[in-house]
Amino acid sequence: MDHQLQAVAGGRGKASAAHVLQASSASPVHDPKRLGLPTHSVSSLSTLPIPHVTMTINSIVTDPALRSFLQTSQHAREQALGLADRLAAISAAGPNAPLNTDQHATLSKEQKLLNTNLSHLRGLHRAAYLAARDTKSQTADARHEVDVLHLQLQNLYYEQRHLQGEIAACETHDHEYQKLPLAPADDFLAKHPKYADSDENALMIARIEDERAEREALEQQRQELLKRKQKLITENKKRREDLANLDNDLEKFIDAAKPIQKTFEKVV
């Protein structure tokens, strides 16, 4: 777009030169020397576009509006150069030579046509300027949207890296269940063959559940054994008390039997 505007600016400069020629031709004295114009006839080849330049512009400018602008600028340039040729021819005939009716009509017609093309060129230039401004505004809006999307993408990348880090931390975490003294997997599968096709997580959960059930059963047995132990301790304590009482009774019996023993000893 910048190359196209530069090409348009070049066309506008040529149109401005033609406008100067138009102003000079409208002066009372049609003397090109006063405007620094050449006194010799301008070659008609100068009105033709340079082939390689035209090819370059056509290859750069692709917008239809700008191409119309360039075509109008080229027409205005050709008209300005043609008008300059006529002024040079009039100046060559004589600086103060009066214009006849046909020459005056021809110059007036060319001036009006040149003014029309210049007005059209100004309108196209304004339209191109407004279109460029709108394009810049649309480009800024699109760039803002792209920046927002890029920022969102960066946020997603950051969240992805964070989640990947959390997943890696969870995978490498030293979980408590890994320290449990579980039964070997082969023994568990031999006892529960229905888990042979289960994945690692399901197998671990089943092993933990089996270990929990086994420990609950063992805990129940332990509680029963504790109750039985307590009962035996109570019975032993009672028997120990009975034996202690029996010892006291025996001592009393022996003490009571001592006089009888002495009596038997005397008889003997």
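Visitor: What share of the contacts in the protein with a separation of 6 or more comes from residues 24 or more positions apart?

Guide: Residues 24 or more positions apart account for 76% of those contacts. A contact here means heavy atoms within 4.5 Å. This is a predicted model, in which local features need pLDDT of at least 70 and side-chain atom pairs count only at pLDDT 80 or more, while totals for chains, interfaces and linings use all residues. Residues are numbered from 1 along each chain as its sequence is written, and side-chain values use heavy atoms, with hydrogens and water left out.

Visitor: How do you know where the confidence is lowest and where it is highest?

Guide: One compares pLDDT, the predictor's confidence in each residue from 0 to 100. Helix 1 (residues 2-25) has the lowest confidence, with a mean of 40, whereas helix 4 (residues 101-172) has the highest, at 90. For the protein the mean is 76, and 76% of the residues reach 70 or more. Over residues 1-53 the pLDDT stays under 50, and the model has 78 contacts beyond four places in sequence for them.

Visitor: What makes up the secondary structure of the protein?

Guide: There are 6 helices and 0 strands, and from the N terminus the order is α-α-α-α-α-α. Helices (H or I, at least four residues) and strands (E, at least two) are DSSP runs, numbered from the N terminus.

Visitor: How does the span of helix 4 compare with the expected value?

Guide: Helix 4 has 72 residues and covers 104 Å from its first C-alpha to its last, which is close to the 106 Å expected at 1.5 Å a residue. The expected span is 1.5 Å times one less than the number of residues.

Visitor: Why is Thr72 called buried?

Guide: Buried means under 20% relative accessible area, exposed over 50%, and partly exposed in between (1.4 Å probe, protein chains only). Thr72 has a relative accessible area of 8%, and therefore it counts as buried. Thr72 is part of helix 3 (residues 64-93). Not counting residues up to four places away in sequence, Thr72 touches Asn117, His120, Leu121 and Leu124. The buried residues of helix 4 include Asn117, Leu121 and Leu124. Of the 268 residues of the protein, 18% count as buried.

Visitor: What makes the pair Asp210 and Lys191 a salt bridge?

Guide: A salt bridge needs a side-chain nitrogen of Lys or Arg within 4 Å of a carboxyl oxygen of Asp or Glu. The N to O distance of this pair is 4.0 Å, which meets the rule. Asp210 lies in helix 6 (residues 200-267) and Lys191 in helix 5 (residues 185-191), so the pair ties together parts that are 19 residues apart in sequence. Asp210 is buried at 15%, while Lys191, at 47%, is partly exposed. Lys191, Asp210 and Glu214 are linked in a network of salt bridges.

Visitor: How many salt bridges does the rule give?

Guide: The count comes to 6. Among them, Arg215 and Glu211 meet at 3.0 Å, and Arg212 and Glu216 meet at 2.7 Å.

Visitor: Where do Arg215 and Glu211 lie?

Guide: Arg215 and Glu211 both lie in helix 6, 4 residues apart, about one turn of the helix. Arg212 and Glu216 are likewise 4 residues apart in helix 6. An α-helix has 3.6 residues a turn, so residues three or four places apart point the same way. Glu211 is buried at 16%, whereas Arg215 is partly exposed at 41%. Arg212, at 43%, is partly exposed, and Glu216, at 46%, is partly exposed as well.

Visitor: Why is Phe253 called exposed?

Guide: Phe253 has a relative accessible area of 59%, and therefore it counts as exposed. Phe253 belongs to helix 6.

Visitor: Which residues form a nonpolar patch on the surface?

Guide: Leu243, Leu246, Leu250, Phe253 and Ile254 form it, with about 520 Å² of accessible area together. Patches consist of residues with over 30% relative accessible area and no salt bridge; like charges are joined within 9 Å, and nonpolar side chains (Val, Leu, Ile, Met, Phe, Trp, Tyr) within 5 Å. Accessible areas come from the Shrake-Rupley method with a 1.4 Å probe, and for residues only the protein chains shown count as cover. The protein exposes about 20,500 Å², of which carbon and sulfur atoms supply 57%.
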